Amino acid sequence: MKTVVLAMILLLICVVLLGIKVLFIKGARFPSGHTAALRKKGIGCASGLHGNAVGDR
């Protein structure tokens, strides 16, 4: 039980540290994973690829 509580506290600290900018700056957002380097290699968004495969888009 002690290990679970310690893991949850550590996870909470990590989430807060990763989201400091988003949590405390008005209008801030998490950075987008869509980079120009990936697009040049032909790697797109997974949801976009799925939509193209099933013909939704």
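A nonpolar patch, as the term is used here, is made of residues with over 30% relative accessible area and no salt bridge, whose nonpolar side chains are joined within 5 Å. In this predicted model, such a patch is formed on the surface by Met1, Val5, Ile9, Leu12, Ile13, Val16, Leu17, Ile20, Leu23, Phe24 and Ile25, which together have about 1100 Å² of accessible area.

**Confidence**
- The protein averages a pLDDT of 76, and 67% of the residues score at least 70.
- Confidence is highest in helix α1, at a mean of 93, and lowest in helix α4 (residues 46–54), at a mean of 58.
- Where pLDDT is low, the predicted coordinates should not be read in detail.

**Helix α1**
- Helix α1 covers residues 2–18, and its 17 residues should span 24 Å at 1.5 Å a residue, which agrees with the 25 Å between its end C-alpha atoms.
- Because the number of buried residues among the 17 of α1 is zero, this helix lies largely in the open.

**The nonpolar patch**
- Helix α1 gives the most to the nonpolar patch, with six residues, while α1 and α2 (20–24) each supply at least two.
- One of the patch residues is Ile9, which is found in helix α1 and is partly exposed, with a relative accessible area of 46%.

**Surface and burial**
- Of the 57 residues in the protein, 7% are buried.
- The accessible surface of the protein comes to about 5500 Å², and carbon and sulfur atoms account for 70% of that area.

Definitions and conventions
Residues are numbered from 1 along each chain as its sequence is written. This is a predicted model: local features need pLDDT of at least 70, side-chain atom pairs count only at pLDDT 80 or more; totals for chains, interfaces and linings use all residues. Side-chain values use heavy atoms; hydrogens and water are left out. Helices (H or I, at least four residues) and strands (E, at least two) are DSSP runs, numbered from the N terminus. The expected span of a helix is 1.5 Å times one less than its number of residues. Buried means under 20% relative accessible area, exposed over 50%, partly exposed in between (1.4 Å probe, protein chains only). pLDDT is the predictor's confidence in each residue, from 0 to 100. Accessible areas come from the Shrake-Rupley method with a 1.4 Å probe; for residues, only the protein chains shown count as cover. Patches are made of residues with over 30% relative accessible area and no salt bridge: like charges are joined within 9 Å, nonpolar side chains (Val, Leu, Ile, Met, Phe, Trp, Tyr) within 5 Å. A salt bridge is a side-chain nitrogen of Lys or Arg within 4 Å of a carboxyl oxygen of Asp or Glu.
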